[in-house]
Amino acid sequence: MNSEQVIVTDLAQFGWCVVPGFLDETGTAALRAECLQAHAAGAFHAAGIGSGQAQVHSEVRGDHVLWVDETNTGPALHELLDRFESLRQGVNQELFLGLLDLETHFAIYPPGAGYQRHLDRFRDDDRRSLTVILYLNEPDWREEDGGLLRFWPDPETAPLEIVPAGGTLVTFLSDRFWHEVLPATRQRLSLTGWFRRR
Ligand code: OGA
Ligand code: MN
């Protein structure tokens, strides 16, 4: 099975999926470079909470983000977005989620920043249906560096702790799974997106 088939199969069975090496080291390095270049150019801003006029509460989430649109899409990102489009179609064909579009941002967590336990669906906007998180960290990221994604497949039992290794893709149904980002000792990079329905 290719990674798209693995994701579709796991989503149908469990509602979530982790694929190490979804993006290879070369592709991850190219996308990381695009992310860092935009960050160096000052294009990021502190992330907010909630939809619309989001408010910044850095004790709840401490990352900086850059929303992706046609004006800031480099070649590596373009290639990835093509794969996400193929995934959207595959998921719709097999799971009938009616995913319509993808909203996505780069996220950079400075050392010490995290994101408290939450669900990805807003109270006043239920369009976010499928979350995708692709880590863009350096290949030498280790568990001791922190930045783990705590993920509760079941709210009653102990969470998984997922190492944010570059190239790993995490996907899950946005309204179902509690998750949390633990602080890291070094800068933590990702591209995070939400497929939305109507
Ligand atoms: C988010 C989020 C998790 C991660 O941006 O909503 O939960 O591992 N990110 O970056
Ligand atoms: Mn989240």
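Predicted model: local features only at pLDDT ≥ 70, side-chain atom pairs only at ≥ 80, totals over all residues.
**A salt bridge inside one helix**

- Start with Arg88 and Glu85, whose side chains meet in a salt bridge with N and O 2.9 Å apart.
- Both residues belong to helix α3, which covers residues 75–95. They sit three residues apart, about one turn of the helix.
- Arg88 has a relative accessible area of 16%, and the cut-off for buried is under 20%, so Arg88 counts as buried.
- Glu85 comes in at 32% relative accessibility, which makes this residue partly exposed.

**A strand-to-strand pair and its network**

- Next up are Glu103 and Arg128, with a salt bridge of 2.7 Å from N to O.
- Glu103 and Arg128 are both buried.
- The pair also belongs to a network of salt bridges that links Asp101, Glu103, Arg128 and Arg196.
- As a general point, side chains of opposite charge can pair when their charged atoms come close.

**Another link between strands**

- Arg150 and Glu180 form a salt bridge too, and here the closest N and O atoms are 3.7 Å apart.
- Again, distant parts of the chain are linked: Arg150 lies in strand β7 (residues 149–151), Glu180 lies in strand β10 (residues 179–181), and the two are 30 residues apart.
- Arg150, at 26% relative accessibility, counts as partly exposed.
- Glu180, at 18%, counts as buried.

**Around ligand 1**

- The residues around ligand 1 are Tyr115, His118, Asp120, Ile133, Tyr135, Leu149, His179, Val181, Arg188, Thr192 and Trp194.
- For polar neighbours, look at His179, where a polar side-chain atom lies 2.9 Å from an oxygen atom of ligand 1.
- His118 also brings a polar side-chain atom to 3.1 Å from an oxygen atom of the ligand.
- Asp120 does likewise at 3.3 Å, again to an oxygen atom of ligand 1.
- The elements giving two or more residues to the shell are β5 (115–118), β6, β10 and β11 (188–196).
- Of the elements around ligand 1, β11 gives the most, with three residues.

**A buried glycine in a loop**

- Gly147 is found in the loop between β6 and β7.
- Is Gly147 buried or exposed? At 0% relative accessibility, Gly147 counts as buried.
- Compared with Ala12, Gly147 is 135 residues away in sequence and 28 Å away in space, taken from C-alpha to C-alpha.

Conventions. Residues numbered from 1 in each chain as written. Chains lettered and ligands numbered in written order. Heavy atoms only, no water. Salt bridge = Lys/Arg side-chain N within 4 Å of Asp/Glu carboxyl O. Helix = DSSP H or I, 4+ residues; strand = E, 2+ residues; numbered from the N terminus. Buried < 20%, exposed > 50% of the residue type's maximum accessible area, 1.4 Å probe, protein only. Near = heavy atom within 4 Å. Polar contact = N/O pair within 3.5 Å; in protein donor to acceptor, adjacent residues only side chain to side chain.
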